[in-house]
Amino acid sequence: MTGTIRIREMRPEDSDFAAKLLVTCFRKTFEWAVGEKNLNGVINIEKRSMQNAPSCYYKHSLIATISDQLVGVCVLKMKSDSNPNEGSFCYTYSNVGCRGCCGLWCMGVCSSYFMHENLFEKSSSCYLDVIFVHPEFQLRGIGSRLLCEAEVKAAESGCNKIYLWVEADNYQAIHLYKRQGYSVIRDVDGVCFTYCGLGSRYYCKMEKYL
Ligand SMILES: CC(C)(COP(=O)(O)OP(=O)(O)OC[C@H]1O[C@@H](n2cnc3c(N)ncnc32)[C@H](O)[C@@H]1OP(=O)(O)O)[C@@H](O)C(=O)NCCC(=O)NCCS
């Protein structure tokens, strides 16, 4: 499909597709956490969590479209954002079972460890929570466009720095970030902590001053 790439703020009605795309793009991690048979359950959980997200989530989340098809998502988090509603345990259990609940909980703890390590040490910092592009539309500059718009949004919100965590062997993402001016400021071996929770040991912290 060809067409102009457009970037806009996310809306609640994007949740269904965004949740499916999230699980498609991070399939390896979700599969590690909950097992293959529970992936549809994770989509339901993510969709519901997006639909119930506070308005700041939509204000700070960007969608890329081509000919009205949703092809990419980028989510920023800022100090002023209120916390998303916690999903109900019963709903999570009914979708992914006991093993899936434990997997998602471990995943959440590991992600929080990174995110909260020194998150928002200054109110001027902005955290790039996640960026993903539909596999069929990767390598066409959509990731770059999302990142550029995210930087504009962060700057407009008074932030002077964006930082993020990325798996050390995610060469495509690291290439994109470096090309966009981000530098690696820390390499971390999460040993069994991140390996058990996320299926990966090595991560980089990257940042860019805006
Ligand atoms: C990371 C991601 C968002 C990039 O989106 P994208 O639309 O493909 O990005 P772009 O097309 O703007 O840029 C991709 C760049 O990576 C380069 N690249 C592709 N494969 C690469 C590899 N194996 N090693 C190094 N660079 C690579 C491309 O050449 C391109 O750079 P260039 O324009 O300088 O040639 C996308 O790959 C993705 O969704 N991945 C899965 C989710 C993910 O890992 N997200 C990041 C988590 S931190």
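These are my short notes from a first look at the model above.

**Setting up.** I am reading a predicted model, where local features need pLDDT of at least 70 and side-chain atom pairs count only at pLDDT 80 or more, while totals for chains, interfaces and linings use all residues. Residues are numbered from 1 along each chain as its sequence is written.

**Overall form.** I looked up the elements and found eight helices and seven strands in the protein chain; these are DSSP runs numbered from the N terminus, with helices being H or I of at least four residues and strands E of at least two. I then checked the C-alpha trace, which spans about 45 × 40 × 30 Å along its principal axes.

I followed the seven strands through an open sheet with mixed pairing and the order 1-2-3-4-5-7-6; two strands pair if DSSP finds at least two bridges between them. Which strands stand at the edges? Strand 1 (5–9) and strand 6 (183–189) do, each with a single partner strand, so one side of each has no neighbour in the sheet. I also looked at strand 2 (residues 61–66) and strand 3 (residues 69–78), which run antiparallel and are joined by six bridges. One residue I traced was S61, whose bridge partner in strand 3 is V75.

**The ligand.** I listed 19 residues around the ligand, and Q138, G143, S144, Y171 and H175 come nearest; a residue is near a molecule if its C-beta atom, placed from the backbone, lies within 6 Å of it. Which helix gives the largest share of this shell? Helix 7 does, with six residues. Strand 4 (125–133), helix 6 (142–156) and helix 7 (171–179) each supply at least two.
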